[in-house]
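Here is a short report on one protein chain. Keep the structure in view as you read.

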Amino acid sequence: MATFTTTTIPPSSLSFFSSSIFLPKLSSSLTFRPNSLKTQTKPLSVTSELATIPVLSFTGDKIGETQLEIKAAPPDTARAVVHRGIITDLQNKRRGTASTLTRAEVRGGGKKPYPQKKTGRARRGSTRTPLRPGGGVVFGPKPRDWTIKINRKEKRLAISTAIASALINTIVVEDFMDKFEEKPKTKEFIAAMKRWGLDPKEKSLFLMGEEEVSDNVRLSSRNIGTLKMLTPRTLNLFDILNADKLVLTPAAVEYLNARYGVNNSGYADDEEEEQEEEEYEGEGEGQGTEADENTNA
C-alpha cells in the first residue's frame with residue numbers, strides 16, 4: 001500500500017508581496033515596498049514674498065521704508081490658483097434671473113390660425129409656435145444658481161498671490177485723509193498722484209487700511225475714472241489684477257501682513273469672512289430673488 005507524505009508550509013513564508021509566485025524575480029539590491037504602488041502626490045506648497053517698499057509723504061518725498069511679507073503660491077501653481085479664484089468671483093456675481101417663456105407658457109395660441117387644408121400654406125396649429133414672432137422660446141434660459149464653491153484657504157492664497165505679483169508696482173504713502181478735511185477737491189488729489197509718480201491715465205488701486213474712507217477723500221477721487229479706492233471689506237481679486245499701480249497706506253500694510261502674512265494660520269478670521277460674504281450676497285440680491293420667494297410661498 002502506497003503512503004503519501006505531506007509537508008506543511010508556514011503561513012508567513014507565502015505572501016502576496018514576498019512570494020515569487022505573484023511577482024517576478026527582483027534583484028537582490030532592490031527592496032520592494034508595498035507603499036510604492038500608491039500614486040505619489042505632491043502637496044501644495046506655499047512660499048513667502050518679502051518686499052521692502054519705500055514710504056512716501058504727501059509731498060512725494062521718501063520718509064522711510066516698510067516691509068510686506070505675505071504668502072504666495074509657488075510659480076508652477078500660482079497661475080492656476082489665481083485663475084480659479086477670479087473665475088469663481090466672476091461666476092458667483094451672476095444673478096441667474098434670466099427667464100424666457102416656453103410654448104406652453106406663452107399666453108394665447110389656443111385657436112387654430114387657419115384650416116389645416118385647402119389654403120396652400122404650411123400647417124399651423126397655434127400662433128405661439130417658436131417659429132413665429134410672439135411665440136415661445138426653445139431651450140431658453142431659466143432661473144438657475146451659478147455659484148461655485150472655492151475653499152477659503154485657496155481663495156485667500158489667490159488674493160495674496162495676486163498682491164505678491166503686484167509688489168513691483170506698489171508704493172506706500174502716508175495717511176492723507178487729514179489733507180482733505182476742509183473740502184473735497186479732485187485737482188489736489190490728481191496733483192498728489194503725480195507727486196507720487198502715478199499717471200492719472202493709468203489704472204490705480206488705493207487700498208486704505210481703515211474700514212471707512214472719509215467723505216472728502218471719497219468725493220475727491222470719485223471723478224477719476226481710472227482710480228479705484230478699496231477698504232479691507234471690499235478688497236477683491238479682480239480689482240487687484242486689473243490695476244496697473246497699487247497704492248497702500250501704513251494701516252493697509254499692517255492689515256495685509258496680519259491677514260495674508262506668513263505668521264497667519266488662516267483660521268482666525270473665518271467667521272469674519274463668512275459675515276462679509278453674506279453681506280456681499282445680500283447686497284447683490286435683486287427683484288428676481290423676491291419673485292422666486294413669492295412663487296415658493
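Trp-196 is buried, with a relative accessible area of 5%. Buried means under 20% relative accessible area, exposed means over 50%, and partly exposed lies in between, using a 1.4 Å probe and protein chains only. This is a predicted model, in which local features need pLDDT of at least 70 and side-chain atom pairs count only at pLDDT 80 or more, while totals for chains, interfaces and linings use all residues. Residues are numbered from 1 along each chain as its sequence is written, and side-chain values use heavy atoms, with hydrogens and water left out.

**Aromatic rings**

What does the ring of Trp-196 pair with? One partner is Phe-206: the ring centres are 6.2 Å apart and the planes stand at 50 degrees, so the pair is tilted. Rings of Phe, Tyr and Trp (its six-membered ring) pair if their centres lie within 6.5 Å; planes under 30 degrees apart are stacked, over 60 edge-to-face, and the rest tilted. This pair links distant parts of the chain, with Trp-196 in the loop between H3 and S4 and Phe-206 in strand S4, 10 residues apart. Helices (H or I, at least four residues) and strands (E, at least two) are DSSP runs, numbered from the N terminus. Phe-206 is buried too, like Trp-196.

A search of the whole structure finds 9 aromatic pairs. Another of them joins Phe-176 and Trp-196. Phe-176 lies in the loop between strand S3 (170–173) and H3, and Trp-196 in the loop between H3 and S4, so this pair ties together parts that are 20 residues apart in sequence. Phe-176 counts as buried, at 0% relative accessibility. Here are the two pairs side by side.

| Pair | Centre to centre | Angle between planes |
|---|---|---|
| Phe-176 and Trp-196 | 5.4 Å | 50 degrees |
| Trp-196 and Phe-206 | 6.2 Å | 50 degrees |

Ring pairs also build a cluster: Phe-58, Phe-176, Phe-180, Phe-189, Trp-196 and Phe-206 are linked in this way.

**Helix H3**

Just after H3 comes Gly-197, with a positive phi of about 85 degrees.

**The whole chain and its cores**

The chain has 8 helices and 6 strands. Along the sequence they follow the pattern β-β-α-α-β-α-β-α-β-α-β-α-α-α. Of the 297 residues, 30% count as buried. Contact means heavy atoms within 4.5 Å. Of the contacts with a separation of 6 or more, 68% are between residues 24 or more positions apart.

Which residues touch the most other members of the largest nonpolar core? They are Leu-68, Leu-235, Leu-248 and Leu-256, in a core of 33 residues. A nonpolar core is a set of buried Ala, Val, Leu, Ile, Met, Phe, Trp, Tyr and Cys residues joined through side-chain atoms within 4.5 Å. H2 gives the most to this core, with 6 residues. Leaving aside neighbours within four places in sequence, Leu-235 is in contact with residues including Ile-159, Leu-207 and Tyr-260. Apart from this core lies another, of 20 residues, with Met-177, Leu-198, Val-217 and Val-247 among them.

**Loops**

Thr-231 lies in the loop between strand S5 (227–230) and H5. Is it buried or exposed? Thr-231 counts as buried, at 10% relative accessibility. Not counting residues up to four places away in sequence, Thr-231 touches Leu-207, Met-208, Glu-210, Glu-211 and Val-213.

The loop between H1 and H2 holds Lys-118. Lys-118 is exposed, with a relative accessible area of 87%. Its phi is positive, about 65 degrees, although Lys-118 is not a glycine. Phe-139 lies in the loop between H1 and H2 as well. Phe-139 is exposed, at 83%, and has a positive phi of about 55 degrees.
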